[in-house]
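Here are my notes on this model. Please read them with the structure open.

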Amino acid sequence: MTQDAIVAARSISRSFFSNRVLNDVSITLRAGTIHALLGENGAGKSTLIGILSGALAPDAGDIDIDGVRHAAVRPAIARAAGIAVVQQELSLTSQLSIAENVGMGALPRRLGLIDYSALMRRAHEVCALVGLEQDLARPVGDLPLGQQQLVEIAKALFRKPRVLILDEPTSSLSAHEAANLMAVLRRLRDAGTAVLYISHRLNEVLALCEWVTVLKDGVVTADRSLGGVDAQGLVRLMVGREPGDLFPRWTPSAEPAPIIAVEGLSAGMVRDVAMTIRRGEVLGVGGLVGQGQEDLLLGLYGAIPAVAGRAEFNGVVGLPRSVPQANARGLAYVPADRKREGLHLIHSIAWNLMIPSFGRAPSLAMRRTASERERAIALADRLGIKGDLTREVQALSGGNQQKVALAKWLPSDPPVLLLNDPTRGVDVDTKREIYALLRRFAAEGRAVVLLSSDTPELVNLCDRVAVMRAGRLVRVLERTELSEEAIVSAAMESAVPGAAA
Ligand SMILES: Nc1ncnc2c1ncn2[C@@H]1O[C@H](COP(=O)(O)OP(=O)(O)OP(=O)(O)O)[C@@H](O)[C@H]1O
């Protein structure tokens with residue numbers, strides 16, 4: 001690469017207590033280059049970007065910014081140099097408006113006061129750029145997770161960064177929004193921005209990036225051009241061995257009789273949805289971000305009130321009116337926002353895994369039973385959650401937190417499992433394990449409803465895919481009709497009221 005280095009980190013090491021997370025890591029970010037940073041969950045990617053952006057100090061090593069050497073980057077230095085980060089976990093303030101969140105920390109001022117018209121103008125520009133079509137006065141907390149992710153990206157662009165670091169920016173975006181973001185990143189690259197792009201979606205990395213640095217257990221195992229590398233080659237670089245197939249081979253096992261049948265369901269954003277869910281199937285739920293997919297799952301789960309609808313649920317007539325009622329009818333729900341809903345962050349991995357199914361409180365620490373402990377160990381093993389199970393969940397990498405959130409539901413074997421984007425932020429090896437697990441689950445005669453922003457996952461794993469737009473179910477694609485193009489075009493078509501799954 002011949003472009004100018006803006007940031008050059010050399011021999012960076014960093015430990016948390018006795019755990020050495022980065023070991024002698026060097027990386028150079030150059031103007032006009034999109035650079036991928038890859039590695040499995042827990043490899044040290046977020047820690048490295050924390051160090052590059054001033055959120056964390058290294059224990060050893062130094063960092064040149066525009067040719068000036070720093071032992072550690074302070075946040076003010078990073079800001080002045082134009083380094084902006086889009087974090088994996090959102091850092092927005094729910095009560096503030098979209099515009100205020102986007103401008104936060106860089107509010108334009110005039111005569112000492114906030115210049116609201118300049119704020120709105122610039123906020124409009126960057127929101128339009130990322131494809132966020134919303135009233136900018138709306139509180140961010142009202143938006144679904146995918147749109148919040150767009151706000152987070154708009155917030156970074158608001159600062160006109162010279163170095164833009166994105167940690168899993170498309171993990172809650174649909175194929176359409178992700179493609180739009182990639183077009184934006186290419187334009188920024190062409191205008192000279194250095195982009196560091198972290199993603200577990202390898203097709204995106206191949207389509208977007210010119211250079212890759214791979215971390216494995218905190219050590220750089222590759223730092224090279226992406227020219228001539230294919231998806232299998234990327235996996236090989238990351239896991240250090242020959243990759244197997246990502247998706248399991250499976251034969252359809254759906255029973256014709258539905259376990260759940262719903263008509264005229266309206267709940268939250270959802271309008272007049274008719275659908276069936278069958279034992280033995282994985283039913284995908286897709287579409288553009290924020291079209292009511294999450295509300296559909298929450299409506300089925302009794303977590304948001306249904307204003308209308310008839311239903312038969314596992315032999316019982318009527319929609320569940322509350323989460324305990326849904327649990328009693330055999331439904332489990334794994335939320336997307338693991339930090340806020342799925343996990344008890346200040347408790348250990350073991351404690352989280354020991355919480356028995358359907359919300360019963362775990363036994364007190366002094367009285368934990370051997371079977372609870374054994375269950376936690378077996379679950380951790382089943383999903384490849386490595387290391388000491390007494391660690392607090394908040395100290396885990398994002399992907400490993402997601403594994404814990406999923407693992408805690410597995411032993412209860414609920415007849416219907418509602419999953420909200422379960423592989424978001426999860427590395428390729430764990431994805432493979434989760435996919436195999438979900439198909440096994442279906443083969444055992446249970447039903448899986450898989451809301452996913454990852455279109456290849458919908459195509460390769462699902463018996464049928466329900467596509468939503470503006471709160472309505474516009475199309476149900478059967479297995480024989482499934483392709484990424486079919487899902488995207490169904491998502492973009494205008495709504496067809498009354499289409500039924
Ligand atoms: N604040 C912290 N305290 C203790 N350990 C931490 C802390 N932050 C990160 N770690 C540990 O550092 C290691 C690297 O985590 P990091 O988040 O950098 O990984 P990552 O490559 O970004 O993973 P992912 O793909 O899952 O996001 C993990 O073992 C994690 O548990």
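Which of the 19 residues around the ligand come nearest?

1. Phe 16, Asn 41, Ser 46, Ser 397 and Gly 399 do. A residue counts as near if its C-beta atom, placed from the backbone, lies within 6 Å of the molecule. Two elements give two or more residues to this shell: helix H1 (45–52) and helix H14 (398–407). Helices are DSSP runs of H or I, at least four residues, numbered from the N terminus.

2. This is a predicted model; local features need pLDDT of at least 70, side-chain atom pairs count only at pLDDT 80 or more, and totals for chains, interfaces and linings use all residues. Residues are numbered from 1 along each chain as its sequence is written.

3. The shell around the ligand has 5 nonpolar, 12 polar and 2 charged residues. Nonpolar covers Ala, Val, Leu, Ile, Met, Phe, Trp, Tyr, Cys and Pro; charged covers Asp, Glu, Lys and Arg; the others, Gly among them, are polar.

4. The protein is divided into domain 1 (5–239), domain 2 (245–330 + 414–501) and domain 3 (344–413). These bounds come from an automatic or database domain assignment. The ligand lies between domain 1 and domain 3, because both give residues to its shell.

5. Domain 2 also meets domain 3: 11 residues of domain 2 are in contact with 12 residues of domain 3. Contact requires C-beta atoms, placed from the backbone, within 7 Å. On the domain 2 side, helix H15 (residues 428–443) gives the largest share, 3 residues. That side has 5 nonpolar, 3 polar and 3 charged residues.

Methods. Contact = placed C-beta atoms within 7 Å.
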